[in-house]
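Here is my note on the structure you asked me to look over. Have it open beside you as you read, and follow the points in order.

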Amino acid sequence: MTVVNIAQPGEGRPGNRPPSMEDVAAMAGVSHQTVSRVLNGHPNVRARTREQVMEAIRQLGYRRNRAARELATASSSTIGILTIGSEFFGPQSTVLGVEAAARAEGYFVTVTAMEDYDVHSSTKALSHLIDQGVDGVVVVAPFNEVTDALDAAALKIPVVVVAARTDVPADDPAHYVYVDQRAGAHQAVNHLLELGHRKIAHVSGPTGWFDAAERKVGWFEAMAHIDDSPLEMPGGSWMPPGGYEAGKRLVEHVRSGKVTAVFAANDYLAIGVMRAFWEAGLKVPQDVSVIGFDDLQIAEYLIPTLSTVRQPFQEIGRTALAELLEGKPGHNLPKVIVPTLVVRASTAALGK
């Protein structure tokens, strides 16, 4: 690391005033404009120069004047996040990913949760964020009503939506970033097919959610050439009780040999399914294999550990923020991220 030799913080400044950008420039031996470029993350700064400026900032204890920056750039340095609450693992993890990416880029974050999952609540929450003067909004609410609200809104700021919407209209004002849910479902089902399973049921997620719909389509596509009428068992929600009730309805199908494996729309549903099977005396994976989606942290601590499809939430956050900062949403193809299959002990070869 380059060391900048300087006086003690405050020394030599009239009235021991707080350090300014000019002080940083003088100390690092660069221009005021170069310091500004470093602070704004401009790519056209040499690595050694950037290091010198950052070392001067650290030694001086310089803190940026946010108010002055806003006046100079007409920017609030704030990103708004519109979401649906913290009870859902996927959206919550995505919000945390966006927050981390925004902080790394020097942005403040304000989060607004919708009161309900309808167009009125979506429009109200979005207007609230826009009224706060945010520079852009990342929407983490992957269901139809929210995108309907966005379609109807006269958006004057960049908006990026994290939702697996594959039918985005050409004139949609927002831009989309999402994990390829359909490909993830293909990964899960193909894993079970490679293990010899042909009777693979799907415990589906709630209606109205893009992710649930895409995972269901992916399962059906992967099964189309294997089973003319694969069994779907609606979970009705994303939470373990929905999986538990679906699992109880699947017990007799497993005992009769009509189902040898289950692809659950998320890990919580898979956990509920496994509980129902355990209560019925069915062993996973000896009697029936189970695979989920998301890769909850708890998945590798269950007995048996849960096979699943991992969504890279940190990458989602970074990609969503990068798209937002480009400032040209609605003019590019959606950014699609591929998930990863994680094989653990809850899936095994048929008959083993």
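The points below go from the whole chain to the sheet, then to the loops and the cavity.

1. Overall make-up. Please keep in mind that this is a predicted model. The protein chain has twelve helices and twelve strands. Of its 352 residues, 49% are buried.

2. Contacts and surface. If you take the contacts between residues at least 6 apart in sequence, 71% of them join residues at least 24 apart.

3. The four-stranded sheet. You will find an open sheet of four strands in the order E7-E6-E8-E9, and the pairing is parallel. Strand E7 (232-234) and strand E9 (289-291) are at the edges with a single partner strand each, so one side of each has no neighbour in the sheet. From one strand to the next, the twist averages 20°.

4. The E8 and E9 pair. Strand E8 (residues 261-264) runs parallel to E9, and three bridges join them. To see one end of such a pairing at residue level, look at Val262, whose bridge partner in E9 is Val290.

5. Helices against the sheet. Helix H9 (residues 210-223) packs on the sheet and touches strand E6 (200-204), E7 and E8. The direction of H9 makes about 170° with that of E6. Helix H10 (residues 240-255) also packs on the sheet, with E6, E7 and E8 as the strands it touches. For H10, the angle given is with E7, at about 155°.

6. Cis peptide bonds. Two bonds deserve a look if you plan to go through the backbone. The peptide bond from Val284 to Pro285 is cis, with omega near 10°, and Pro285 sits in the loop between helix H11 (267-279) and E9. Another cis peptide bond joins Ile303 and Pro304, where omega is about -5°. Pro304 belongs to the loop between E9 and strand E10 (308-310).

7. Which phi values here are positive in a residue other than glycine? Asp294 has phi near 120°, and Asp295 has phi near 70°. Asp294 lies in the loop between E9 and E10, and Asp295 is placed in the loop between E9 and E10 as well.

8. Burial of those aspartates. Are they buried or exposed? The cut-off for buried is under 20% relative accessible area. Asp294 has 6% relative accessibility, so it counts as buried. Asp295, at 14% relative accessibility, therefore counts as buried too.

9. The cavity. How many cavities of 30 Å³ or more does the structure hold? There is one, and the largest cavity has a volume of about 250 Å³. It is lined by 25 residues, and the closest to its centre are Gly90, Pro91, Pro142, Asp211 and Gln311.

10. Where the lining comes from. The elements that give two or more residues to the lining of the largest cavity are helix H5 (89-104), strand E5 (175-179), H9 and helix H12 (313-326). H5 gives four residues, the largest share.

Notes: Residues are numbered from 1 along each chain as its sequence is written. This is a predicted model: local features need pLDDT of at least 70, side-chain atom pairs count only at pLDDT 80 or more; totals for chains, interfaces and linings use all residues. Side-chain values use heavy atoms; hydrogens and water are left out. Buried means under 20% relative accessible area, exposed over 50%, partly exposed in between (1.4 Å probe, protein chains only). Contact means heavy atoms within 4.5 Å. Two strands pair if DSSP finds at least two bridges between them. Axes are lines fitted to C-alpha atoms, for helices over the stretch in contact, and angles run from 0 to 180 degrees between N-to-C directions. On a 1 Å grid over the protein atoms alone, a cavity is a set of points where a 1.4 Å probe fits but cannot get out, and a pocket is an open set with protein on both sides within 12 Å along at least five of seven lines; lining residues have an atom within 4 Å of a point. Grid points are joined across faces, edges and corners, and a volume is the space filled by probe spheres set on the points.
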